[in-house]
Amino acid sequence: MTKAIVISVIVGVLSGYFFVPDIIVEFTQPVVTFVLCLFLFVIGLDIGRQKTVLSDIKRVGFRVLFIPLGIIIGTLVGGAVAGLLLPITIMESVVVSAGMGWYSLAPAILMEYSPTISAISFLHNVMREVFGIILIPIIAKRVGFIECISLPGASCMDIAMPMIKNATSSNVAIYSFVTGIVLSISIPIIVPLLMNLC
Amino acid sequence: MLDLILYLIMLVLGAFVGSKVLSDEKEYKWIGKIQFVAIIILVLAIGIRIGSDDRVISSLGDIGISSLIVTVFAIAGSICGVYIVRKLMKVNREGLPKDD
């Protein structure tokens, strides 16, 4: 997480704890919905203009799409198992894991469901990205190149990309990029979907 | 469900406009800037929501542990998920097809 983001979290939490009046706290919900829409639109712009993605997929084969599939299913199953051990419901645990590292999106979506689940989602997704990135070289050596794409979640297409490329190969870097795009499209769909099932 | 449809529409709309209007060669600095500002606002709002909620503050320890446990299982699950997919696709550890 960059310094600015860390500072924002701290400022936000301290403000909310010490002085923000309830009326303003309520106001954050429509603000978040609006900013989320703008954010997703711009993400869409960014994804849509990458005309190389389709040719990348064609070049490495459509089988590459099985990687994000494996990540999503593995993550949600892992979330469900974790839910068996935790005081939150299994569905809630699954929806937390469904953020797959996108700590600015998933907790924002979950805010209207439950502040507690949103908080768990935030912390979990931060941990997912941070621990995931740390584990990349270890998993690349011990388990496999493709597996290390799965570690950080959605940031495998941008922030974690240099680390993945370093630990693996340029081929795998392309798989990582495509995977990241598929995950980035899937997360804003899966999280609200699962949230409605909670 | 309304929120899901809304987010989906924004994503699809953005992708459609992006593919038609923007080029993949040019660097659009404003895209990154808007994303950054959006992230800051979202994270600030998330922080305010968390900080102002007494139940959350009083159970921060539990929340931390829950997050950690989900993280461990989610990462483990992901690795397993990809491992299985890789074996089924007959791809080796370096990401190359086994018949290479």
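How are α3(A) and α9(A) oriented to each other? In this predicted model, the axes of helix α3 (residues 52-60) of chain A and helix α9 (residues 170-195) of chain A cross at roughly 125°, and α3(A) and α9(A) are therefore oblique to each other.

**α3 and α9 of chain A**

- The axes of α3(A) and α9(A) come within 10 Å, and the crossing in which α3(A) passes α9(A) is left-handed.
- On the side of α3(A), the contact is made by V53(A), D56(A), I57(A), R59(A) and V60(A), while α9(A) contributes I174(A), Y175(A), F177(A), V178(A) and I181(A).
- Sorted by class, the residues of this contact between α3(A) and α9(A) comprise eight nonpolar and two charged ones, with no polar residue.

**α5 and α7 of chain A**

- Helix α5 (residues 90-97) of chain A and helix α7 (residues 115-142) of chain A have axes that come within 9 Å and cross at roughly 40°, which makes α5(A) oblique to α7(A).
- The crossing of these two helices, α5(A) and α7(A), is right-handed.
- From α5(A), the residues E92(A), V95(A), V96(A) and S97(A) take part in the contact, and they meet I117(A), I120(A), S121(A), H124(A) and N125(A) of α7(A).
- Four nonpolar, four polar and one charged residue make up the contact of α5(A) with α7(A).

**α4 of chain A and α4 of chain B**

- Between the chains, helix α4 (residues 66-85) of chain A and helix α4 (residues 60-88) of chain B have axes that come within 6 Å and cross at roughly 145°, and α4(A) passes α4(B) in a right-handed crossing.
- Chain A brings F66(A), I67(A), G70(A), I71(A), G74(A), T75(A), G78(A), V81(A), A82(A) and L85(A) to this contact, whereas chain B brings I69(B), V70(B), F73(B), A74(B), G77(B), S78(B), G81(B), V82(B) and V85(B).
- The contact of α4(A) with α4(B) holds 12 nonpolar and seven polar residues, and no charged residue.

**The largest pocket**

- By class, the lining of the largest pocket consists of 11 nonpolar, eight polar and three charged residues.

Definitions and conventions:
Residues are numbered from 1 along each chain as its sequence is written. Chains are lettered from A and ligands numbered from 1 in the order in which they are written. This is a predicted model: local features need pLDDT of at least 70, side-chain atom pairs count only at pLDDT 80 or more; totals for chains, interfaces and linings use all residues. Side-chain values use heavy atoms; hydrogens and water are left out. Ala, Val, Leu, Ile, Met, Phe, Trp, Tyr, Cys and Pro count as nonpolar, Asp, Glu, Lys and Arg as charged, and the others, Gly among them, as polar. Axes are lines fitted to C-alpha atoms, for helices over the stretch in contact, and angles run from 0 to 180 degrees between N-to-C directions. Helices (H or I, at least four residues) and strands (E, at least two) are DSSP runs, numbered from the N terminus. Angles under 35 degrees count as roughly parallel, over 145 as roughly antiparallel, 65 to 115 as roughly perpendicular and the rest as oblique. A crossing is left-handed if the near helix is turned anticlockwise from the far one by less than a right angle, and right-handed if clockwise. Contact means heavy atoms within 4.5 Å.
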